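Notebook open, structure loaded. Here is what I looked up, in the order I got to it.

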Amino acid sequence: MTNCAICKIIHGELTPPGGILFQDDKVILHHNLDVNIFGYLLVSPIRHEKDFENLTDDEWVQMQAATRNAVQLLKKENPSIERFYISSFGELTPHVHFHIFPRYDWMLKDPDVYFEGELDAAKLFCHFRQKLKQYIDKANLEKIEAFKKTLKSKA
Ligand SMILES: [Zn+2]
């Protein structure tokens with residue numbers, strides 16, 4: 001699909017920061033393109049598929065394995081990541097993908113992530129995606145490159 005950003009990445013027409021971080025016969029994992037938060041990844045099937053319910057068993061299993069491996073490694077090496085938010089929306093890009101969003105300890109200091117006094121994860125995700133929507137800076141690009149090397153060495 002020519003207008004699909006994920007297919008463009010798979011076909012080398014669009015390069016995410018650090019390139020493709022992991023790829024097997026069914027799935028790819030890469031960093032997000034335009035939110036300056038290190039470790040905010042996207043995992044997708046290689047096959048262009050719009051709807052989650054049409055994923056094959058292999059695609060599903062391999063997407064989960066790639067996600068788990070990335071999350072384990074990122075949490076181990078970045079203690080300020082306390083949790084990961086994992087979600088799929090499918091509103092803008094018509095190719096199934098999961099957002100693997102790191103929730104850092106410093107994010108809780110922002111009053112805009114609370115609703116009626118409680119942490120609101122969906123609000124936090126939305127808030128930081130908007131607040132930090134910009135190019136990936138040099139420091140984060142270096143972290144992505146280092147993460148890619150570690151991920152490769154564990155594969
Ligand atoms: Zn696609």
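Which residues of the largest nonpolar core touch the most other members? First, the ground rules. I'm working on a predicted model, where local features need pLDDT of at least 70, side-chain atom pairs count only at pLDDT 80 or more, and totals for chains, interfaces and linings use all residues. Residues are numbered from 1 along each chain as its sequence is written.

**Core.** I got Val27, Leu29, Leu41, Val43, Ala66, Ala70 and Ile100, out of 26 residues in the core. A nonpolar core here is a set of buried Ala, Val, Leu, Ile, Met, Phe, Trp, Tyr and Cys residues joined through C-beta atoms within 7 Å. Buried takes 20 or more other C-beta atoms within 10 Å of a residue's own, exposed is 12 or fewer, and partly exposed is in between, with C-beta atoms placed from the backbone. At least two core residues come from each of α1 (5–10), β2 (27–31), β3 (41–45), α2 (57–77), β5 (98–104), α3 (121–131) and α4 (138–154). The biggest giver is α2, with 4 residues. I take these elements as DSSP runs numbered from the N terminus: helices are H or I with at least four residues, strands are E with at least two.

Leaving out residues up to four places away in sequence, Val27 touches Val43, Ser44, Pro45, Ile46, Glu59, Gln62, Met63 and Ala66.

**Sheet.** Next I checked the strand order. I found an open sheet of 5 strands, β1-β2-β3-β5-β4, with antiparallel pairing. Pairing needs at least two DSSP bridges between two strands.

Bridges, pair by pair:
- β1 and β2 are antiparallel over 3 bridges, and Gln23 has Ile28 of β2 as its bridge partner.
- β2 and β3 run antiparallel and share 5 bridges, with His31 opposite Leu41 of β3.
- β3 and β5 are antiparallel too, joined by 3 bridges; Val43 has Phe98 of β5 as its bridge partner.

I wanted to know why β3 counts as largely enclosed by the rest of the structure. It does because 5 of its 5 residues are buried.

**Helix α2.** I looked at its length: 21 residues, 31 Å from first C-alpha to last, close to the 30 Å expected at 1.5 Å a residue. The expected span is 1.5 Å times one less than the number of residues. Its buried residues are Met63, Ala66, Ala70 and Leu74. They lie on the same side of α2 because they cover an arc of only 70° around the axis, taken from the directions from the helix axis to the C-beta atoms. These buried residues pack against β1, β2, β3, β4, β5 and α4. On the face turned away from them I noted the exposed Asp57, Arg68, Gln72 and Lys76.

**Ile10.** Last stop, in helix α1. Ile10 counts as buried because it has 20 C-beta neighbours inside 10 Å. Beyond residues up to four places away in sequence, Ile10 touches Ile28 and Ile46. I also took its C-alpha distance to Glu118, 108 residues apart along the chain: 39 Å.

Key:
Two residues are in contact if their C-beta atoms, placed from the backbone, lie within 7 Å.
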